[in-house]
Amino acid sequence: MKPSGMTSRDLVNIAARRVRPHKAGHSGTLDPLAEGVLVLGVGRASRLTSFVQNYPKQYLASFRLGAESESGDLEQPLSEYPDDPVPALESLVAAAKSLTGEVVQVPSAYSAIWIDGKRACDRIRNGEQVDVPSRKVQVYDFKIVKYDYPNVELDITCGSGTYVRSLGVDLAASVGAHAVMTHLVRTRVGPFHASDAISIDQVRHDDLEPFVQPARLGVEHLPHLAVNDEDALRLINGLNVFGTAHYTPIDPLTGDAGPIKSSVPTDEGIAAAIRTDGRLIAIVRGKTKEYDPSWYPERVFPLEPRSLS
């Protein structure tokens with residue numbers, strides 16, 4: 001769990017020193033004032049972070065109505081709006097419903113979004129003028145879990161790239177008010193839950209080996225291509241394999257599996273090659289040739305990973 005007051009990079013640096021000579025990387029920045037689940041990839045699994053970022057994420061966020069800041073949170077000074085209306089709970093619930101589904105939002109200029117090779121927050125702190133483009137994001141669930149004016153607590157499940165503070169500000173704007181985020185906790189990233197996370201003190205001092213999860217958990221949302229030992233060796237050696245991958249859609253809210261679907265090799269398709277013992281062998285990409293529609297390895301993983309110790 002990343003604590004408030006620490007950057008995501010700070011936490012990665014601490015973990016990286018503990019797991020040397022292995023690499024470490026994170027799969028989705030949390031703002032310094034935010035806390036919660038930060039999934040770290042260690043060793044070759046650090047190359048899976050881009051896939052983990054595509055998992056749905058769940059947040060608990062607290063907002064204060066009748067106030068705002070340039071950053072949308074408590075990083076910048078507050079402006080008070082005592083004449084703002086006091087919205088009814090029913091109005092907030094209706095506004096949250098209208099912000100569910102595919103939503104167009106404009107992230108704060110103090111966000112970590114990249115603009116021309118540099119984070120927007122770094123540009124604006126350097127005195128630059130920043131125009132953040134709008135983006136389409138997916139909001140799967142948006143609940144008001146507690147409301148005691150001026151404070152409102154939200155439970156939000158959303159797709160990659162969603163800025164929660166912008167959702168809270170948009171929620172308030174929908175009822176003619178202002179809002180500033182006062183607290184944010186990321187409680188889940190796909191199959192990775194806060195209840196299973198370890199503390200920063202454990203990252204600093206404990207043996208980390210028992211906490212390492214199987215690499216395949218980072219790609220459960222990809223089609224799976226079952227491979228035997230022979231095909232696993234072919235992939236490890238850079239050779240192609242044949243077969244049909246199977247995809248099980250996962251409900252972003254419940255985690256329940258849907259009906260199994262088939263995925264044949266295409267030039268755009270990727271899949272996770274999983275050996276019969278459940279070990280992730282490779283990320284593979286389909287290549288379509290008239291004589292040879294098959295899967296080729298893009299990222300391979302050793303059959304016997306090294307210990308962290």
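Colleague: Which residue just after α5 takes a positive phi?

Modeller: Please bear in mind that this is a predicted model. Helix α5 covers residues 164–174. Just after α5, a phi of about 75° is found at G176.

Colleague: Which residues of helix α5 are buried?

Modeller: A residue counts as buried when its relative accessible area is under 20%. In α5, this applies to V164, R165, S166, L167, G168, L171 and A172.

Colleague: What covers the buried residues of α5?

Modeller: The cover includes one helix, α3 (89–98). It also includes the strands β4, β7 (101–105), β10 (135–148), β11 (151–158) and β12 (179–189).

Colleague: Which residues are linked with R165 in a network of salt bridges?

Modeller: R165 is one of the buried residues of α5. A salt bridge requires a side-chain nitrogen of Lys or Arg within 4 Å of a carboxyl oxygen of Asp or Glu. The network links R165 with D31 and D73.

Colleague: Is E80 buried, partly exposed or exposed? And R64?

Modeller: The partly exposed class lies between the buried limit of under 20% and the exposed limit of over 50%. E80 has a relative accessible area of 45% and therefore belongs to that class. With 28%, R64 is likewise partly exposed.

Colleague: In the salt bridge between D277 and R275, which residue counts as buried?

Modeller: The side chains of D277 and R275 meet at 2.6 Å, N to O. D277 has 49% relative accessibility, so D277 counts as partly exposed. At 14%, the residue that counts as buried is R275.

Colleague: What is the N to O distance in the salt bridge of E220 and R216?

Modeller: E220 is partly exposed because its relative accessibility is 27%. R216 is also partly exposed, at 23%. Their side chains meet in a salt bridge with an N to O distance of 2.9 Å.

Colleague: Which parts does the aromatic pair tie together, and how many residues apart in sequence are they?

Modeller: The structure holds 1 aromatic pair. Y55 and F192 form that pair, edge-to-face, at 6.5 Å centre to centre and with 75° between the planes. Y55 lies in the loop between α2 (49–52) and β4 (57–65), and F192 in strand β13 (residues 192–193), so the parts tied together are 137 residues apart.

Colleague: Are Y55 and F192 buried or exposed?

Modeller: The limit for burial is a relative accessible area under 20%. Both Y55 and F192 fall in that class: buried.

Colleague: Which backbone oxygen does the side chain of S27 reach?

Modeller: S27 lies in the loop between β1 (24–26) and β2 (35–36), and its relative accessible area of 2% is why S27 counts as buried. Its contacts, not counting residues up to four places away in sequence, are V39, T49, V52 and Q53. At 3.0 Å, its side chain reaches the backbone oxygen of V39.

Colleague: Which residues make the nonpolar surface patch of about 230 Å²?

Modeller: L74 lies in the loop between β5 (67–68) and β6 (79–80). L74 counts as partly exposed because its relative accessibility is 44%, and members of a patch must have over 30%. The patch is made by L33, L74 and L78.

Colleague: Finally, what percentage of the residues in the protein is buried?

Modeller: The protein has 7 helices and 19 strands. It exposes about 15,800 Å², of which carbon and sulfur atoms supply 50%. Of its 309 residues, the buried ones make up 45%.

Key
Residues are numbered from 1 along each chain as its sequence is written. This is a predicted model: local features need pLDDT of at least 70, side-chain atom pairs count only at pLDDT 80 or more; totals for chains, interfaces and linings use all residues. Side-chain values use heavy atoms; hydrogens and water are left out. Patches are made of residues with over 30% relative accessible area and no salt bridge: like charges are joined within 9 Å, nonpolar side chains (Val, Leu, Ile, Met, Phe, Trp, Tyr) within 5 Å. Accessible areas come from the Shrake-Rupley method with a 1.4 Å probe; for residues, only the protein chains shown count as cover. Helices (H or I, at least four residues) and strands (E, at least two) are DSSP runs, numbered from the N terminus. Buried means under 20% relative accessible area, exposed over 50%, partly exposed in between (1.4 Å probe, protein chains only). A polar contact is a pair of N or O atoms within 3.5 Å; within protein, one must be able to donate a hydrogen and the other to accept it, and residues adjacent in sequence count only if both atoms are side-chain atoms. Contact means heavy atoms within 4.5 Å. Rings of Phe, Tyr and Trp (its six-membered ring) pair if their centres lie within 6.5 Å; planes under 30 degrees apart count as stacked, over 60 as edge-to-face and the rest as tilted.
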